Amino acid sequence: MGSKWRKAKLALGLNLCVYVPRTLEDSPPDSDDASTERLSDAALLSPGNWDAGHSRPMTPTPSSHGLRFSRSASKSSKQTCSICLTKIKQGGGHAIFTAECSHSFHFHCIASSVKHGNQICPVCRAKWKEIPSHAPCLDLPPPLRGAPTNPARWANNEALVTNVRRLPPTQRDTNRRHIVPLFQAPEPGVFDDDELLDHHQPVFSEKSSSNDLLEGNFTSMVEIKTYPEVSAVPRAQSYDNFTVLAHLKAVPASKSSNQCQAYFLQAPRTPRAPVDLVTVLDISGSMAGTKLALLKRAMGFVIQNLSSSDRLSVIAFSSTARRLFPLRRMTDIGRQQALQAVNSLVANGGTNIAEGLRKGAKVMSDRKQKNPVASIILLSDGQDTYTVNNSGDSESKPNYQLLLPLSIHGADNTGFQIPVHAFGFGTDHDASSMHSISEISGGTFSFIETEAAIQDAFAQCIGGLLSVVVQELQVSIESAHPSVRLSSLRVGSYPSRVLVGGQSGVIDVGDLYADEERDFLITVNLPVEASNSETGLLKVRCIYRDPLTKEMVTIESEEVRVKRPETAEQEAATVSMEVDRQKNRLQAALAMSQARTAAEQGDLAGAASILENCRRVLAGSVSAKSGDRLCVALDAELKEIQERMASRHVYEASGRAYILSGLSSHSWQRATARGDSTDGSSLVQAYQTPSMTEMLTRSQAMLLGSPSTQRLIQPLWSLGSQPNPR
């Protein structure tokens with residue numbers, strides 16, 4: 001039942017590794033045969049290991065060891081530095097280090113890797129007895145300082161004077177598990193060493209100019225549309241629960257519609273707000289092998305798609321957490337340094353999510369300067385074993401809020417709040433904790449069920465983060481009639497409140513990505529009308545900050561009115577399709593939540609019944625009968641959840657995470673990755689924006705390696721980092 005995209009990836013060998021049991025027909029392995037070499041995390045990332053004809057990862061061939069790659073792959077890995085992913089050239093002014101296992105690297109790359117605490121070959125995973133270092137300033141672990149030096153095997157020693165420190169014999173400690181330190185360089189007490197922002201004058205393409213921004217011709221807009229559930233109600237009739245839909249859409253627009261149409265055909269030229277992004281990455285022991293290799297590749301994609309105005313910091317955590325890379329602009333040098341830091345990661349130790357988030361929040365809170373957009377990406381494949389009580393005591397539920405520092409969840413509403421977009425990797429992660437972390441912070445939770453889908457999941461997320469056009473959006477609703485009162489606001493997870501007296505209400509929305517839409521259902525009472533032919537219900541006002549101009553903008557909708565004929569026969573009432581479909585969306589989300597509660601209590605049959613009843617109700621709705629696409633997608637999602645509740649084992653392995661990711665998506669009305677939702681053929685693609693779709697296309701083009709799509713692999717230009725058209 002897999003999608004076309006999933007089948008294509010498997011057919012092309014993008015699952016990276018295939019395990020084949022040893023058979024009697026297999027010939028005995030030859031220790032000197034380079035073709036039996038097992039490619040490591042870093043080697044899997046190397047462009048040298050991609051087939052030259054098709055620019056895609058080579059499909060492994062069977063081996064008596066379970067994994068075998070072609071001789072050409074091994075050869076090309078020696079021609080490419082598997083840390084910085086660039087060619088190794090003789091006589092280019094760069095020292096080259098050839099290790100005892102015969103693999104070669106740029107000296108500055110491998111020295112940086114060793115400084116990060118790595119003492120094994122990034123390609124073949126062989127443990128080195130000799131390691132490279134800058135003499136004499138390499139900051140080695142205490143046991144290595146003062147060790148005798150031996151000559152190194154250098155192919156070229158033009159640029160650097162180097163030496164090699166011999167590693168002492170490994171000392172086994174049977175009393176505790178050995179944990180390799182994440183990074184040997186000392187950490188500052190305060191993370192105020194962020195790179196200064198790029199305040200250069202923004203440069204635009206020939207289809208617009210900097211004057212557009214200065215003159216206010218290029219502004220972000222929020223469109224407001226309102227829909228009463230029926231167009232006409234007889235005067236003598238009243239409603240206690242009459243529904244009005246407020247529909248919002250974030251549209252970057254120009255005052256000139258013709259200019260806007262021409263300008264936005266060039267998506268990569270669209271100015272946007274620069275981003276401060278902190279990635280908090282799990283490198284516990286369970287991430288070893290293919291998982292870590294795929295994480296490194298996905299991070300490489302993120303790094304390459306950030307512009308020089310965006311800043312990135314990398315936090316890695318296992319039993320402890322370290323800041324591997326400070327908040328730096330993604331210039332060419334910044335990208336290279338970030339790639340080196342990511343490729344130095346080694347999996348070991350336990351899972352301390354709270355410490356990783358604490359370090360990530362500290363990067364954000366200590367920074368001297370701030371880009372307009374800030375976010376944290378958290379990835380983990382396990383359960384926090386240090387902070388949250390998971391003892392199995394049914395009487396006390398885990399307090400997942402303990403995983404988040406106050407600066408993130410802002411419980412008292414006095415501090416800043418940074419959204420954490422959480423990614424549960426594989427089937428062993430704690431979906432409940434990851435969902436809680438994202439929900440408390442205002443982020444989303446994605447379920448990466450198939451390991452190879454990690455890059456697409458990251459791509460969809462940053463496609464949104466790199467397209468923020470509205471910030472600090474607050475929606476206010478005011479009654480337009482003395483007798484009309486607001487009774488409820490159905491807004492998902494967004495903070496909202498109906499003020500005393502019911503004459504007004506407020507919804508705090510926050511940031512919107514380009515082309516994102518938000519639908520809020522407002523319930524009011526509709527009084528009897530004595531003589532007027534219409535009844536005014538309410539007005540909707542939006543106040544937000546434009547991230548490009550930094551100005552606060554206020555816009556207001558027209559008054560929502562309902563016709564009031566004397567009798568129902570005078571004017572037929574039209575049922576709003578828009579209101580009906582949003583009622584279906586909220587009803588489906590409620591059914592998912594109720595089914596999850598039943599499943600957690602062990603009643604899988606009851607959970608499946610709840611979902612089936614909801615599908616039946618949706619099928620009888622007006623919008624479903626008209627073939628509405630949202631209703632089709634909701635039905636497909638409910639059916640998928642039913643299948644993931646077939647047994648307790650299936651629910652524990654994937655059902656819980658799939659439901660929670662869906663609830664996260666519907667409660668925030670923002671796209672999340674779950675199942676095959678990032679595949680083009682999937683029905684479950686709710687809330688994807690064009691920017692997300694474009695970034696997914698880039699990711700899949702990079703994986704498939706189509707030469708015709710290489711033009712897509714250019715970073716989206718942010719404000720202040722766009723190329724000069726001259």
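What follows is a chat about a predicted model, covering its aromatic rings, one of its sheets and a few single residues.

Colleague: Before we start, what should I keep in mind about the numbers?
Modeller: This is a predicted model, in which local features need pLDDT of at least 70 and side-chain atom pairs count only at pLDDT 80 or more, while totals for chains, interfaces and linings use all residues. Residues are numbered from 1 along each chain as its sequence is written, and side-chain values use heavy atoms, with hydrogens and water left out.

Colleague: How many aromatic pairs does a search of the whole structure find?
Modeller: The search finds four, where rings of Phe, Tyr and Trp (its six-membered ring) pair if their centres lie within 6.5 Å, and planes under 30 degrees apart count as stacked, over 60 as edge-to-face and the rest as tilted. One of them is tyrosine 494 with phenylalanine 520, an edge-to-face pair at 5.9 Å centre to centre with 80° between the planes.

Colleague: Which parts of the chain does that pair link?
Modeller: Tyrosine 494 is in the loop between strand S16 (486-490) and strand S17 (496-498), and phenylalanine 520 is in strand S19 (residues 517-526), 26 residues apart. Helices (H or I, at least four residues) and strands (E, at least two) are DSSP runs, numbered from the N terminus.

Colleague: Is phenylalanine 520 buried or exposed?
Modeller: Phenylalanine 520 counts as buried because its relative accessibility is 0%; buried means under 20% relative accessible area, exposed over 50%, and partly exposed in between (1.4 Å probe, protein chains only). Tyrosine 494 is buried too, with a relative accessible area of 5%.

Colleague: And what does tyrosine 494 form with tryptophan 668?
Modeller: Those two form an aromatic pair that is edge-to-face, with 5.0 Å centre to centre and 90° between the planes. Tryptophan 668 is in helix H17, 174 residues apart from tyrosine 494, and ring pairs link Tyr494, Phe520 and Trp668 into a cluster.

Colleague: Switching topic, what is the strand order in the open sheet of six strands?
Modeller: The order is S11-S10-S9-S12-S13-S14, with mixed pairing, and two strands pair if DSSP finds at least two bridges between them. Strand S11 (321-329) and strand S14 (445-448) stand at the edges, each with a single partner strand, so one side of each has no neighbour in the sheet.

Colleague: How many bridges join S9 to S10?
Modeller: Seven bridges join strand S9 (residues 275-282) to strand S10 (residues 311-317), and the two run parallel. As one example, aspartate 276 has arginine 311 in S10 as its bridge partner.

Colleague: What does helix H11 touch?
Modeller: Helix H11 (residues 431-441) packs on the sheet, touching strand S12 (373-380), strand S13 (420-425) and S14, where contact means heavy atoms within 4.5 Å. Its direction makes about 170° with that of S13; axes are lines fitted to C-alpha atoms, for helices over the stretch in contact, and angles run from 0 to 180 degrees between N-to-C directions.

Colleague: What is the phi of glutamate 472?
Modeller: Phi is near 55° there, a positive value in a residue other than glycine. Glutamate 472 is found in strand S15 (residues 468-479) and is partly exposed, with a relative accessible area of 45%.

Colleague: Last one, how many disulfides does the search of the whole structure find?
Modeller: The search finds zero disulfides, a disulfide being a pair of cysteine sulfur atoms within 2.5 Å. Cysteine 542 counts as buried at 0% relative accessibility, and cysteine 631 counts as buried at 6%.
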